[in-house]
Amino acid sequence: METPPATMDTNAKSTPLTLSEEEMQQIAPARGEGLFLVLSIFIGVLSGLMVVCFRISIEWLQVLLLGSVPHPGQLRLLYAPALVGLLVALLVRYFFPNARGSGINQTKAALYIYNGYISFRTMLGKFITSALAIGAGHSLGPEDPSLQIGAGLASVVSRHLRLSRERLRLFAPVGAAAGLAAAFNAPISAILFVIEEVIGNWSAAVLGSIVLAAVSSVVVARAFWGAEPMFHIPSVNLRDNRELLAYAVLGIIGGLASVLFSRLLAWLRPWLRALPKKTIVWQPAIAGLLVGAIGYFGFPQVMGPGYAVIDHAMHGEYLWHVLLALAILKILATTLSFSSGTPGGMFAPTLFIGAMLGGAVGSVEKIFFPHLTGSVGSYALVGMGVLFAGFIRTPLTSVFMVLEVSGNYSIILPVILANTLAYLLARSLQPVPIFEVLTHQDGLSLPSMEEVREEISLRMEDALHATEAPIVLGTDPPAHVVASMKKAPSELALVRCSGNHWYVLTAQEAAKAAQSGAESVESALPEERVPMLYPDLALEESLPHFRRWPLLPVVNRAVSGLLEGVLTQDDVLECYRNHLRGQG
Amino acid sequence: MAARGGDGHPWNAVQRSQRRHLMVQDGIALLSLFGITVALAILTYFFFSSFRVHRQILEARWYERGQKAAAAGHAADAVEDFRSALALSSGNRAYELSLAQALAAAGRTDEAYAYYSLLRESKPGDGLLNLCLARLAAQKNNSAEAIAYYRAALNGDWLAEGVSRRREARLELAAYLLKQHMPAQAQAELLTAEGNALEDPAVMNKIAALLDQAGFQSDALTAYQRTLQRVPVNSGEALQALLGTDRIAESMGNYTMAARALERYLNHVRSVAHPPESSSVAEAALGRLQRLQALALSPNLPPHQRAQRLAHDAAVAHARFATCSTQQLALMLTAPGAATLTSLAPEWKKFVHPSIARLTASQPMQDELASLIDQTEIWTNKLCGAPTGENALLLQLATVPYRTE
């Protein structure tokens, strides 16, 4: 994993003007935000250009190493991926040690562990090694590396401008979104993926920049590749809603397939890593040879990302048994390629497997139920989303991804249904998502965005209770307040001040007010008031206020000043304890 | 008013200097970034262009191979070649269309159908796509879809030669409707096509043949007549129209018209010294037609002549009746219909030797005898086999009575 240089000072390294963050804030308070947005556009454009270069490199290498269109029986299908596998392994071992893997976890690690730091060397290594591996026919895709290339580029660029550490950290996901958007030609999916899988929340601070970068990169990519969606399928007209059952079956089968794929990867990768160290450099070569053998003996379609094959499947060009064979062989080939440590992504293989499986299921269903109106292409398309939802575990992205790569909104209902089923089934059978499994295998502990999404957040209403302290009006005379407090079990009183604000009065303050001879208790109080807190706010938001206030009144949102209850620090802590006990 | 910093206090001289310095630095950094972006864009453009050119060469090569394979009738090879071309140029419409055509030619109807459907998504008004889909739907015995696609093709966009391509599509639709036993719809299409094809004699002949096939002989005859009005008699289309006229006129009982058409045909054939065998068949047919006219009881004939002709026909028919009755009696009248034949015997007794004078004088008697001749020829044909000679001609007149123009 990426480790920034120990001596690196990200703020002072690239500029002779040495100013602290505080000084910078003093002389140019709006600079950070403005630069952040401008740089987001630059990062988007640069990422788009880099991804275009990356994709062309892959295609050039494919033509040079495998021929313009690989056919079974060509010897080069055996030796090209094997030799390039060896070359890539050597490059990774001696020059680019951080280029292993898909790029998703590496980007997350950069964000959460290394303050957004990805070295230029890592970015370059990812570019070269992934292009070589995918171009030579390893069963991997270019999207995840594009994501890391984008993130790396953003990291390199942002380090050369003096921005706050927090902003530097956020540039990695901005670049990641740009890289992925250009690779997929799908800005919404890229934005959603980064939010669902990398950042984990809809932070307004970074959302604008992510959108700007993603849109810029897609504009650049479309200038070269065109604006056409990746795949074309006919419109899906659900004449009979019962046909959704056919898609539901696909969702279930896809969910099971994604679990199988995940478990195979989760088993083979550590097994290969546990082999003697001297074998590690040979593993990509052997994986390449095995993948090449699959191509040599009849199925060259499984080599490389396979977008053209997906397109053929969507045109209904394969029979169901060929589609099923391709899905199974792709699972094997991708597991071999990825587990061997060959750099490359999992997105394209996931889409490939899903499309083949979807096509196969659709074809079989149409044999038994010929009245089904959906084409094989529509089942293949839904299958892509299903595997994406079940394997990558980003349900929202999976839906939008299908819509964006096909430019076809008519498929929305089947996609939502099948993806949800696959997601729920995969999650129940394999609770830990594959990227988290891989993270643990790498010895890291990155936040699981799936867990973050489902984390039950405690609210103030969960710890709220009725007050024992007397409630007095700000207009009451201090002597009256002191008398009320003496009768009550609490040493505090809640004062309802003008403007429906509250003040928590201690016994000492009450006595002091009485001695001062003030007409009303409010006139003897300082200007400060308890902040307005509402029952639906997160419980954690109450914590900072206990330094100043021993008791926090929580008020109704609709009726201004109406007291709903009070919170004490002990209540809050007890609430957290109960919650933890409840989680087991 | 002095500029203020983030904390609301005015900047001092050092801070202003630092701020200027920072702005210059940021400006230089952004300019450098812009320069790098432009340089990378240029590099990417050349990289992309070089690859695109190379790929265009490759895809053109695969496409050419596919076309050659398709032309040689190797549809399966063509499919692979076109697919390779498409792998290098995804979304190329010409390649996609060729692949779909190759798939259809290779008998992979479902795949071709799916492919055409996809292509139609982006151009639903494409005439050729709709026509291809109609043909595939027809192959799949999906007549509703086939007819819908044919109609979409008729209303579709054909770019060049739209009129003639639409007309061909309409004729194809008419032929398909005929196969589907929908003659009325076919007639409507053919009459529409005829209206647009008056200047094209070959198409008119085709329309006439289809109208004839649909059972609309009068319309077919009109179409042939229109061809004959527009082309010189020595043209191939005119000869075809004359033969068509002969065939239809004869089938309608208009033997005079049929004979006249055949005479015109023979006049031309003889004049350009066609091989004798091509005219001998026509000459025989003409002879038959002339004989039919000689036997036919035209209402235009003078009463005496008609009576004479009736007497002659009666003699021929009666001889056939006598022979056939004897055969049936030998078989003990067991054949179905034999009783009907024997029931004609009392009728014949009335007309064994019909008097020409009486026949000439009595129109009802003429009609009765004519009817008896027809019945005799029909029943003897059923019971005693196909007749020959004049009996065959009389049978034809019984089934297709003589009509005038």
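Which helix of chain A lies across E1, E2 and E3 of chain A?

**Entry 1: conventions.** I noted that this is a predicted model, in which local features need pLDDT of at least 70, side-chain atom pairs count only at pLDDT 80 or more, and totals for chains, interfaces and linings use all residues. Residues are numbered from 1 along each chain as its sequence is written, chains are lettered from A and ligands numbered from 1 in the order in which they are written, and side-chain values use heavy atoms, with hydrogens and water left out.

**Entry 2: the sheet of chain A.** I looked up the strands (DSSP runs of E, at least two residues; helices are runs of H or I, at least four). In chain A, 3 strands form an open sheet in the order E1-E2-E3, with mixed pairing; strands pair if DSSP finds at least two bridges between them. Strands E1 (471-473) and E3 (502-506) of chain A stand at the edges with a single partner strand each, so one side of each has no neighbour in the sheet. From one strand to the next, the twist averages 35°. E1(A) runs parallel to E2 (residues 492-496) of chain A, and 3 bridges join them. I found Val495(A) in E2(A) as the bridge partner of Val472(A).

**Entry 3: the helix.** The opening question is answered by helix H21 (residues 478-487) of chain A, which runs at about 70° to E3(A). Such angles run from 0 to 180 degrees between N-to-C directions, with axes fitted to C-alpha atoms.

**Entry 4: chain B.** I recorded 19 helices and 0 strands in chain B. The C-alpha atoms of chain B fill a box of roughly 145 × 50 × 50 Å along the principal axes.

Methods: Contact = heavy atoms within 4.5 Å.
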